[in-house]
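These are my notebook entries on a structure that I looked up.

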Amino acid sequence: MTNRLLRFVLAQVVLSLLLLLIWSWPQIDDAYIFLTYARHLASSGLFAFNAGEVSYGFSSPAYVLLLAAASKVTGLAVSVGMANVLGLLLCTFAALAIGLLWEELQPRLSNVEIIVSAILLSGPWFFTVWFFFGMETGLAVLSILGLLLALAKLRAQTHTLPWLLVGIVSASTLAITRLESGIYIACAIILALFASRSRREVRDLFLIGLFSGAVEIGWLLYAKRTFGTYMPWSSTARLLYYLPTAYTHIVAERFNHLSPIARTLFAIRAASHMLFDGPLKILLLALPLAVAIFFARAKGTPDTLKWMLRIAIVGFVLQIVTFSYLFPLAQNRHFAPYLACLWVLVVPLIVRSAQRASPVVQSALVLAIVALWIGGAIQYRFSGEKLGPLHRLAASNLLRTDRVAAEPIGILAFESPAHIIDLGGLTDRDAWPMLEKFGNSQLSEVITWDLSKGATKLVLKAEQCGASGKIFGHYCLISASDAQSLVHDSDSSKPVATQPPASER
């Protein structure tokens with residue numbers, strides 16, 4: 001067992017390093033928001049986006065705390081390199097958890113099955129990529145795997161105290177890594193209770209739920225006292241800013257006041273969008289869910305693995321339902337931790353089934369693995385390169401004395417000394433009244449609000465600047481005086497191109 005486990009962990013580490021060689025920078029601007037908060041927390045002890053200004057524009061307290069703690073312990077500044085090293089460590093521990101989980105849930109895998117499973121698992125959108133995405137997804141994946149592993153070990157009555165501690169730490173970390181994950185944790189514990197085999201297992205499950213619930217409630221109370229709200233400002237701001245664009249101009253205020261029936265119909269539409277809107281969504285969400293359901297019903301699947309698959313499937317579906325009702329803008333990355341752990345359970349079943357199949361099926365699996373890796377690697381690098389213009393904008397065009405109003409705020413804040421004015425409202429609730437009234441559809445109102453906040457420069461969509469601004473990819477940098485001229489020269493009622501949703505993962 002030890003040799004097979006080491007081979008699997010080593011394979012995951014090698015594949016992770018390969019992915020870093022392909023592209024080693026975060027894939028989305030939001031990742032730099034986490035890095036900025038962590039940098040200020042490590043240096044000043046404040047949850048701040050702009051230095052000295054406390055705000056709640058991050059959705060994962062645990063990941064911000066982890067980055068800040070790593071900075072304090074090592075004495076190094078928070079950086080992309082630090083995030084990548086943490087990602088590699090988290091991926092290594094996750095691989096260890098997967099190896100132990102596979103040993104517990106199904107018959108022993110051969111050496112060939114382990115290597116093939118490692119490559120298919122990583123491939124790369126399903127698992128490895130999320131550890132280097134630049135956000136909290138890797139920590140969430142590891143936390144869910146730790147929870148599932150603890151549930152399997154407690155069910156098997158194996159050295160219960162150490163695994164009870166693993167379960168408590170994993171569930172508690174998950175509770176403040178993804179604040180919506182309390183639903184997943186509750187689902188896992190309830191299903192495990194229905195299948196419990198002893199009073200000791202019931203007690204242990206109760207303790208896991210008690211500690212994880214206490215940690216999440218504790219953070220929510222802290223957030224309410226410190227930031228004035230229980231939930232991150234970014235969640236509300238996303239609805240205000242993007243909802244009219246994504247769903248036929250329905251504004252957040254109207255969305256929040258839909259009747260139960262109308263809200264349900266809207267949620268069905270949102271869930272369909274999350275699962276089936278485009279090939280990547282089908283590949284990353286709908287297909288793995290369908291495969292997991294198939295194996296959960298298959299006669300040849302071991303009973304213990306069926307039990308674990310039910311937990312992962314029901315938990316994943318509940319997350320889709322939750323996001324559909326409360327945050328219909330959820331993208332692939334929001335489901336990534338739950339998807340990755342579902343994929344972990346079905347990969348060895350796919351490999352073992354293919355091994356018993358005809359050579360044609362085996363060849364098809366090999367081609368699928370190659371296609372996943374080549375296609376995923378190309379998309380991974382392409383997605384990262386799209387942020388290049390924002391890096392160039394931040395590197396040589398913003399000064400310490402500048403007050404820059406922008407919607408893509410992460411890179412600008414992390415890589416420049418300028419003060420950033422967040423017109424998207426993620427880190428500044430002052431923008432909410434303007435967004436509630438005008439969304440992002442009225443250029444004149446947006447610019448007027450920016451100037452009222454003392455902006456000296458603005459980052460707008462490239463097509464909004466005309467001949468006045470300096471173009472950086474899809475964006476342009478324009479001075480406050482030139483922006484004021486745009487307001488005077490344009491009809492304030494004329495709609496402009498709205499911001500597209502953030503790139504899908």
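**Entry on terms and source.** Two strands pair if DSSP finds at least two bridges between them. I took helices (H or I, at least four residues) and strands (E, at least two) as DSSP runs, numbered from the N terminus. The model is predicted, so I kept in mind that local features need pLDDT of at least 70, that side-chain atom pairs count only at pLDDT 80 or more, and that totals for chains, interfaces and linings use all residues. Residues are numbered from 1 along each chain as its sequence is written, and side-chain values use heavy atoms, with hydrogens and water left out.

**Entry on the sheet.** I looked up strand S1 (residues 403-406) and found that S1 pairs with S2 in the parallel sense, over 4 bridges. Within this pair, Ala-406 stands opposite Asp-422 of S2. I then followed the whole sheet: it is open, has 5 strands in the order S2-S1-S3-S5-S4, and its pairing is mixed. Strand S2 (419-422) and S4 stand at the edges with a single partner strand each, so one side of each has no neighbour in the sheet. From one strand to the next the twist averages 25°; for such angles, axes are lines fitted to C-alpha atoms (for helices over the stretch in contact), and angles run from 0 to 180 degrees between N-to-C directions.

I noted the antiparallel pairs next. S3 and S5 run antiparallel and are joined by 5 bridges. Leu-458 has Ile-478 of S5 as its bridge partner, and Leu-460 stands opposite Cys-476 of S5. S4 and S5 are also antiparallel, over 3 bridges, with Phe-472 opposite Tyr-475 of S5. The hairpin of S4 and S5 has 2 residues between the strands, and in it Gly-473 takes a positive phi near 65°.

**Entry on burial in the strands.** For burial I used relative accessible area: buried means under 20%, exposed over 50%, and partly exposed in between (1.4 Å probe, protein chains only). In a regular strand the side chains alternate between the two faces of the sheet. In S2, His-419 and Ile-421 point one way and Ile-420 and Asp-422 the other way, and all are buried. S5 is mostly covered, with 4 of its 5 residues buried.

**Entry on the cysteines.** How many disulfides does the structure hold? I found 1 disulfide, a disulfide being a pair of cysteine sulfur atoms within 2.5 Å. Cys-465 is joined to Cys-476, with S to S at 1.6 Å. The link of Cys-465 and Cys-476 is right-handed, with 55° about the S-S bond. Cys-465 lies in the loop between strand S3 (457-461) and strand S4 (470-472), while Cys-476 lies in strand S5 (residues 475-479), 11 residues apart.

Are the two partners buried or exposed? Cys-465 has 1% relative accessibility and therefore counts as buried. Cys-476 is likewise buried, at 0%. I also checked Cys-91, which is in no disulfide; the nearest cysteine sulfur, that of Cys-341, is 12 Å away. Cys-91 is buried, with a relative accessible area of 1%. Cys-187 is in no disulfide either, and the nearest cysteine sulfur to it, that of Cys-341, is 13 Å away. Cys-187 is buried, with a relative accessible area of 7%.

**Entry on the largest pocket.** A pocket is found on a 1 Å grid over the protein atoms alone: whereas a cavity is a set of points where a 1.4 Å probe fits but cannot get out, a pocket is an open set with protein on both sides within 12 Å along at least five of seven lines, and lining residues have an atom within 4 Å of a point. Grid points are joined across faces, edges and corners, and a volume is the space filled by probe spheres set on the points. The largest pocket has a volume of about 990 Å³. It is lined by 47 residues, and the closest to its centre are Ser-234, Ser-235, Thr-236, Phe-323 and Phe-327.

Which helix gives the most to this lining? I found that it is H10, with 8 residues. Among the helices that each supply at least two lining residues are helix H2 (29-44), helix H10 (233-246) and helix H14 (303-326).
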